[in-house]
Amino acid sequence: MKRIGLFGGTFNPIHRGHLQVIQEVMEAFDLDQIKLIPAALPPHKEPGGVADARDRLQMIRLAVANYPALAQSVTASDVELTRPGPSYTIDTVRYFMQVLPENTGLFFILGLDAFHEIDTWKSYLDLFDLIPFIVMARPGVYRRDGDLMWEILEKYLKSKISDAYRLSVSQSCYVHAEKQPIFVFDVTPVEISSTQIRESVKNRRNITSLVPKKVENFIKTKGLYL
């Protein structure tokens, strides 16, 4: 059975931090492939400052091609670019469930911050019936009121998704009798953000350490984020 991860996001732009966590998730969960899926019209972001979807897709392709450890197993998908209207995760998950072989093991990959907003997504409860989650988190990070990251996650999960989720320490995931599991995976902290990159470009600062060289050249050539 093939194991495939779906990693959606704005990728505005993709950066070295994305590439590092992608490799870590792929190795930890023994994934055969990860599909990076840039959103055409992110419903939770203001359109200003978001590069054209085709440019973001091309930057993903350039970044992956420049990263030998991922070049054979990570691909960019234009599924949300060819579909009209806002990019909703539920539609993307259902699409891949339809087009991939029935015995494919699918996982949805996202960061902890994005997971904490999932109750604002379209048909979000249906997602937990359809696909297991891999939630990427930084190890040992404390959040508000001194609570640990996993405590905040558990409170959110039980209040917004289902009180029946239970932590399985042996599997490092939350399990449910009727819904898909939610794996919590500690990734190596990387102090890089797409916002930081856009601000650096706007202020004419060097971004060589933040993005692959081919992505840097593409941003300069296209005049993005100025």
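What follows is a short exchange of questions and answers.

Modeller: Before we start, this is a predicted model, where local features need pLDDT of at least 70, side-chain atom pairs count only at pLDDT 80 or more, and totals for chains, interfaces and linings use all residues. Residues are numbered from 1 along each chain as its sequence is written, and side-chain values use heavy atoms, with hydrogens and water left out.

Colleague: How many helices and strands are in the chain?

Modeller: Helices (H or I, at least four residues) and strands (E, at least two) are DSSP runs here, numbered from the N terminus. Going by that, the chain has nine helices and eight strands.

Colleague: What is the radius of gyration, and what does the globule rule give for 226 residues?

Modeller: The radius is taken over C-alpha atoms, and the rule is 2.2 Å times the number of residues to the power 0.38. For 226 residues the rule gives 17 Å, and the chain comes close to that, so it is as compact as a globular protein of that length. The C-alpha trace spans about 50 × 45 × 35 Å along its principal axes. The radius of gyration itself is 18 Å, against 17 Å from the rule.

Colleague: What share of the chain's residues count as buried?

Modeller: Buried means under 20% relative accessible area, exposed over 50%, and partly exposed in between (1.4 Å probe, protein chains only). Of the 226 residues, the buried share is 48%.

Colleague: At what angle do the axes of helix 2 and helix 9 cross?

Modeller: Axes are lines fitted to C-alpha atoms, for helices over the stretch in contact, and angles run from 0 to 180 degrees between N-to-C directions. Angles under 35 degrees count as roughly parallel, over 145 as roughly antiparallel, 65 to 115 as roughly perpendicular and the rest as oblique, and helix 2 and helix 9 are therefore roughly antiparallel. The axes of helix 2 (residues 53-65) and helix 9 (residues 213-222) come within 8 Å, and they cross at roughly 150 degrees.

Colleague: Which residues of helix 9 does helix 2 meet?

Modeller: Contact means heavy atoms within 4.5 Å. From helix 2 come Asp55, Gln58, Met59, Leu62 and Ala63, and they meet Lys214, Val215, Phe218, Ile219 and Lys222 in helix 9.

Colleague: Is Phe218 buried or exposed?

Modeller: Phe218 sits in helix 9. Neighbours within four places in sequence aside, Phe218 is in contact with Asp55, Gln58, Met59, Leu62 and Leu224. Met59 is 159 residues away from Phe218 in sequence, yet their C-alpha atoms are 7.3 Å apart. At 15% relative accessibility, Phe218 counts as buried.

Colleague: And which residues is Asp55 in contact with, neighbours within four places aside?

Modeller: Asp55 belongs to helix 2, and at 11% relative accessibility it counts as buried. Its contacts are Phe218, Lys222 and Leu224.

Colleague: Where is the cis peptide bond, and what is its omega?

Modeller: Look at the loop between strand 1 (3-9) and helix 1 (16-28), where Pro13 is found. The cis bond joins Asn12 and Pro13, with omega about 5 degrees.

Colleague: What is phi of Tyr225?

Modeller: Tyr225 lies in the segment after helix 9 and, at 12% relative accessibility, counts as buried. Its phi is a positive value in a residue other than glycine, near 65 degrees.
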